[in-house]
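Here are my notes on this one, as numbered points. Have the model open while you read.

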Amino acid sequence: MAELSLQVDELWVGEMRGVTLGGQRLLVVRTEHGVCVYRDRCPHQGYPLSEGRLEGGVITCLLHGHTFDAATGAGINPRSSCLAAIPSRTEDGRVHVTADDHRGLP
Ligand code: FES
């Protein structure tokens with residue numbers, strides 16, 4: 001069992017960071033609504049979203065400019081795609097994500 005445990009305060013509101021858990025890249029995003037975790041892959045062609053921008057609650061992929069709502073993962077442009085959310089929980093100021101060693105992330 002692999003577990004990511006990240007102090008919420010390690011990220012500013014409006015900041016995102018790529019991390020690795022169980023051999024998979026994740027994108028941890030802190031918005032004014034809290035912390036969200038997504039796969040660090042753009043649904044368009046798989047480019048790492050952690051290399052893109054987060055401004056005004058919008059994640060922009062660096063490669064072709066697709067945009068996503070940072071708080072929900074919903075596609076803004078185009079609306080037809082969305083980010084793959086990873087279940088996480090926040091307790092005592094820490095964000096936790098667990099990956100099963102055999103099945104990987106849920
Ligand atoms: S890979 Fe992200 S917009 Fe194309």
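1. Which residue stands opposite L26 in β4? That would be R39. Six bridges join β3 to β4, which run antiparallel, and a hairpin of two residues connects β3 to β4. Strands here are DSSP runs of E with at least two residues, helices are runs of H or I with at least four, and both are numbered from the N terminus. Two strands count as paired if DSSP finds at least two bridges between them.

2. Some housekeeping before going on. This is a predicted model, in which local features need pLDDT of at least 70 and side-chain atom pairs count only at pLDDT 80 or more, while totals for chains, interfaces and linings use all residues. Residues are numbered from 1 along each chain as its sequence is written, and side-chain values use heavy atoms, with hydrogens and water left out.

3. Overall make-up: the protein has zero helices and ten strands, so the run of elements from the N terminus reads β-β-β-β-β-β-β-β-β-β. Its radius of gyration is 13 Å, close to the 13 Å that the globule rule gives for 106 residues, so it is as compact as a globular protein of that length. (The radius is taken over C-alpha atoms, and the rule is 2.2 Å times the number of residues to the power 0.38.) Along the principal axes, the C-alpha atoms fill a box of roughly 35 × 30 × 20 Å.

4. Burial and surface: 40% of the 106 residues are buried, where buried means under 20% relative accessible area, exposed means over 50%, and partly exposed lies in between (1.4 Å probe, protein chains only). The accessible surface comes to about 6000 Å², and 47% of that belongs to carbon and sulfur atoms; the areas come from the Shrake-Rupley method with a 1.4 Å probe.

5. Back to β3 and β4, which belong to an open, antiparallel sheet of three strands in the order β2-β3-β4. The edges are β2 and β4, each with a single partner strand, so one side of each is left without a neighbour in the sheet. Neighbouring strands are turned by 25 degrees against each other on average, direction ignored. For such angles, the axes are lines fitted to C-alpha atoms.

6. Now the largest nonpolar core, which has 15 residues; L4, L21, L26, V28, V37 and V97 have the most contacts inside it. A core here is a set of buried Ala, Val, Leu, Ile, Met, Phe, Trp, Tyr and Cys residues joined through side-chain atoms within 4.5 Å. Two or more residues each come from β1 (2–7), β2 (15–21), β3 (24–31), β4 (34–39) and β10 (94–99). Apart from it lies another core, of 13 residues, among them M16, V29, I59 and C61.

7. Not counting residues up to four places away in sequence, V37 touches L26, L27, V28, A84, A85, I86, S88, V95 and V97, with contact meaning heavy atoms within 4.5 Å.

8. β1 and β10 pair in the antiparallel sense over six bridges, and L4 stands opposite V97 in β10. β10 also pairs antiparallel with β9 (residues 89–91), over three bridges, with R89 opposite H96. β9 and β10 form a hairpin with two residues between them, and D92 in the turn has a positive phi of about 50 degrees.

9. There is also an open sheet of four strands, ordered β5-β6-β7-β8 with antiparallel pairing. Its edge strands are β5 (53–55) and β8 (75–77), each pairing on one side only, and the twist averages 30 degrees from one strand to the next. Within this sheet, β6 (residues 58–60) and β7 (residues 67–69) pair over three bridges, and I59 stands opposite F68 in β7.

10. Leaving aside its neighbours within four places in sequence, T67 is in contact with V58, I59, T60, A74, G75, I76 and N77.

11. Compare V13, in the loop between β1 and β2. V13 is partly exposed, at 48% relative accessible area, and touches R30, T31 and E32, not counting residues up to four places away in sequence.

Note on methods:
Axes fitted to C-alpha atoms, helices over the stretch in contact; angles between N-to-C directions.
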